[in-house]
Structures are given as C-alpha cells and as structure tokens.
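Welcome, and thanks for taking a look. Please keep the sequence and the 3D view side by side while you read.

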Amino acid sequence: MVWTKEMPANPVVAVAGATGAVGSEFLKVLHDLDFPASEVRALASARSAGKKLPFAGCGQVPAGELTVQEMCPESFEGVDIALFSCGASVSKELREAVTAAGAVMIDNSSAFRMDEDVPLVVPEVNPGDV
C-alpha cells in the first residue's frame, strides 16, 4: 500500500486503545513532542466510553481531559492518523474503516506483520519507510 494523500499541517489524531498502557504512552508522546494536532480523539471499547483521561495537550489541543469515545468504524471519519494499540483482532476488524476514511493507520499489534503491503518500520533501522 502506498500512501499518496498529503498530510495536513495540523492533523486529526485518533488513539485507538487510549485507556490501555500503550494508549496512555501515545498520549504522553503526543504531548512530549508537541505534535501539531488540531484534534486528538481518545477511542476505546464501549465499557470505557465516557471515561475522562488526563491530557497534557499538544499542538492546538489544550491541556485538560479527553473524553473517551466508543470506537466504531465511524470514529475514523475526518481522522488523518490513527495510532492503534488494541490488539490484532480489533486492528484487523477496523483496518478497512480506517483506510476508507483516508487515515494512516499505525498499528503496534501483530495483525499485519506478515502482510507484504504493510511496511514494518523500526525508527532506528528504517526511518525512511515512515
């Protein structure tokens, strides 16, 4: 798969699995890098919907709390970058919705490890593949 869409200067970022340990780290890294996001969406399962997550802010997103939204295929409309840490089965289930919405899906599960169309990127080894 070749990405041809130009990334906006202030992308909308979705964190899938935001209530988990890695999702929490994604939110911290967005802050630490002062990533230029225009919006950050915290997504998780139905049982976490409505939960408030502390967020230190980044880009155009002020510090405060993010309200967790239930993750469903429609969650990715208007999203530019989707950071996934919610397990291989969920990643596989939502891949089509994410890509159909025009978002770049960055997944840390094993779901696509053997997929020839999905690059494995290790920043210390092949940062140019990002």
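Here is a short tour, from the overall layout to some local details.

This is a predicted model, in which local features need pLDDT of at least 70 and side-chain atom pairs count only at pLDDT 80 or more, while totals for chains, interfaces and linings use all residues. Residues are numbered from 1 along each chain as its sequence is written, and side-chain values use heavy atoms, leaving out hydrogens and water.

**Overall layout**

- The protein has 2 helices and 7 strands; helices (H or I, at least four residues) and strands (E, at least two) are DSSP runs, numbered from the N terminus.
- Of the 130 residues in the protein, 37% count as buried, where buried means under 20% relative accessible area, exposed over 50%, and partly exposed in between (1.4 Å probe, protein chains only).
- Among contacts with a separation of 6 or more, 54% come from residues 24 or more positions apart; a contact means heavy atoms within 4.5 Å.

**Strand β2 and its neighbours**

- Strand β2 (39–44) is largely enclosed by the rest of the structure, because 5 of its 6 residues are buried.
- β1 and β2 pair in the parallel sense over 5 bridges, and Val12 has Glu39 of β2 as its bridge partner; two strands pair if DSSP finds at least two bridges between them.
- β2 also pairs with β5 (residues 69–70), again in the parallel sense, over 2 bridges, and here Leu43 has Gln69 of β5 as its bridge partner.
- Together, β1, α1 and β2 make a right-handed β-α-β unit: with the strands pointing away from the viewer, the path from the first strand over the helix to the second runs clockwise.

**Two nonpolar cores**

- A nonpolar core is a set of buried Ala, Val, Leu, Ile, Met, Phe, Trp, Tyr and Cys residues joined through side-chain atoms within 4.5 Å.
- The largest one has 18 residues, of which Val13, Val15, Leu27, Leu30, Val40 and Phe55 touch the most other members.
- The elements giving two or more residues to this core are β1 (12–16), α1, β2, β3 and β6.
- Apart from that core lies another, of 14 residues, including Met71, Phe76, Val98 and Met105.
- Leaving aside residues up to four places away in sequence, Val40 touches Val13, Val15, Leu27, Leu30, Phe55, Cys58, Val61 and Leu66.
- In soluble globular proteins, nonpolar side chains tend to be buried together.

**Helix α2**

- Helix α2 (residues 88–100) has 13 residues and reaches 19 Å from its first C-alpha to its last, close to the expected 18 Å, a span given by 1.5 Å times one less than its number of residues.
- A kink of about 45° is centred on Leu94; the bend at a residue is the angle between axes fitted to the seven residues ending there and the seven starting there.
- Ser91, Leu94, Ala97 and Val98 of α2 are buried, and what covers the buried residues of this helix includes β6 (81–84) and β7 (104–107).
- Just after α2, Gly102 takes a positive phi of about 90°.

- Asp34 sits in the loop between α1 (21–32) and β2, and its phi is near 45°, a positive value in a residue other than glycine.
- Ala46, in the loop between β2 and β3 (52–55), is partly exposed, with a relative accessible area of 48%.
- Ala46 and Met71 are 25 residues apart in sequence and 7.3 Å apart in space, C-alpha to C-alpha.
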